[in-house]
Amino acid sequence: MSARPVLGSLVAVAALVAMAAACTGDDKPPAQLIDGTPAERPSAVTLEGIAEDQIATMVDAVVARRVAPATRAAQCLRRARDHAAVGPVVARIGVNGESVTFRASSGQSLIACDRAAGAIEGREVWCGIAVGRLEHERLQDPRLDLAGCRTAAADPVAFAWIEPGRATRYVTVGQPGFTEVYRVASGLPVRVTTTSDIEQEGSRASFRITEHDRDGRLLRAYTLDARVAG
């Protein structure tokens, strides 16, 4: 099953070597995730064609009605209270970003709360809220978010949804010096981040993606070029 283009082009690459070439030899993989958890290499499977150091992101999925009050997921549901959640609520923690994704009870929208490490005014946890349109349960827009999300060093962080193929169990994003690995969860699109290939003036960002099956076999490799929706 081929990757489906969404608001921006998915440009297939001929080899994963091109992804590795984009990283410089001076870049080193991070020691921890955004919440301070030590960064670890995925050990469940070997991902075909990934030569760079790999960092496993964390993921947790809870049915909306069972979300614990003190969690980030609960904070997101309160922040996005205009969109009642239904089904699984998926929380992800990565190197430069944290997100929560859920479907709205209307069945027409996918919601995400995005968080980066940079300081945010007031007591607001989230640097961005994304609302994606669903048609026949398919996402129509990756909902690029980069306006207010920054690292602790004030570098911009871009968030976008990847809608993986049916056989995909792992999604990776090429980062400077390492590859970030996301596990597909609960059938929802995967909210990913990047701090490279961002054009703030053009409100666009590129994500270097691979998708792998449950055994780690490479299914597809492409670049998602996303723009902020007008």
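Here follow questions and answers about a predicted model.

The model is predicted: local features need pLDDT of at least 70 and side-chain atom pairs count only at pLDDT 80 or more, while totals for chains, interfaces and linings use all residues. Residues are numbered from 1 along each chain as its sequence is written, and side-chain values use heavy atoms, with hydrogens and water left out.

Colleague: In what order do the strands of the open sheet of six stand?

Modeller: Strands here are DSSP runs of E, at least two residues long, and helices are runs of H or I, at least four, numbered from the N terminus. Two strands pair if DSSP finds at least two bridges between them. In this open sheet the pairing is antiparallel, and the order is β3-β4-β5-β6-β7-β8.

Colleague: Which strands stand at the edges?

Modeller: An edge strand here has a single partner strand, so one side of it is left without a neighbour in the sheet. That describes β3 (58-63) and β8 (138-139).

Colleague: Which helix packs on the sheet?

Modeller: The helix touches β4, β5, β6 (109-115) and β7 (128-135). Contact means heavy atoms within 4.5 Å. Axes are lines fitted to C-alpha atoms, for helices over the stretch in contact, and angles run from 0 to 180 degrees between N-to-C directions. The direction makes about 55 degrees with that of β5, and the helix is α2 (residues 72-79).

Colleague: How many bridges join β4 to β5?

Modeller: The two strands run antiparallel. As a landmark, A85 stands opposite A104 in β5. The number of bridges joining β4 to β5 is seven.

Colleague: Is N96 buried or exposed?

Modeller: N96 lies in the loop between β4 (85-93) and β5 (98-104). Beyond neighbours within four places in sequence, its contacts include I34, R115 and T195. Buried means under 20% relative accessible area, exposed over 50%, partly exposed in between (1.4 Å probe, protein chains only). N96 has 18% relative accessibility, so it counts as buried.

Colleague: Which residues of β9 point the other way from A158, A160 and I162?

Modeller: Side chains in a regular strand alternate between the two faces of the sheet. In β9 (residues 158-162), five of five residues are buried. Opposite to A158, A160 and I162 point F159 and W161.

Colleague: What is the bridge partner of F159?

Modeller: β9 pairs with β12 in the antiparallel sense over five bridges. The partner lies in β12, and is T193.

Colleague: Which residue lies over the face of W161?

Modeller: A charge sits over a ring if NZ of Lys or CZ of Arg is within 6 Å of the ring centre and within 35 degrees of the ring normal. Here the distance from the ring centre is 4.5 Å, and the residue is R191.

Colleague: How many residues has the largest nonpolar core?

Modeller: A nonpolar core is a set of buried Ala, Val, Leu, Ile, Met, Phe, Trp, Tyr and Cys residues joined through side-chain atoms within 4.5 Å. Among those with the most contacts inside the largest one are L144, I162 and V171. Strands β9, β10 (170-175), β12, β14 (204-212) and β15 (218-227) each supply at least two of its residues. The largest core has 17 residues.

Colleague: Where does S186, with its phi near 60 degrees, lie?

Modeller: That phi is a positive value in a residue other than glycine. At 40% relative accessibility, S186 counts as partly exposed. S186 lies in the loop between β11 (178-183) and β12 (190-194).
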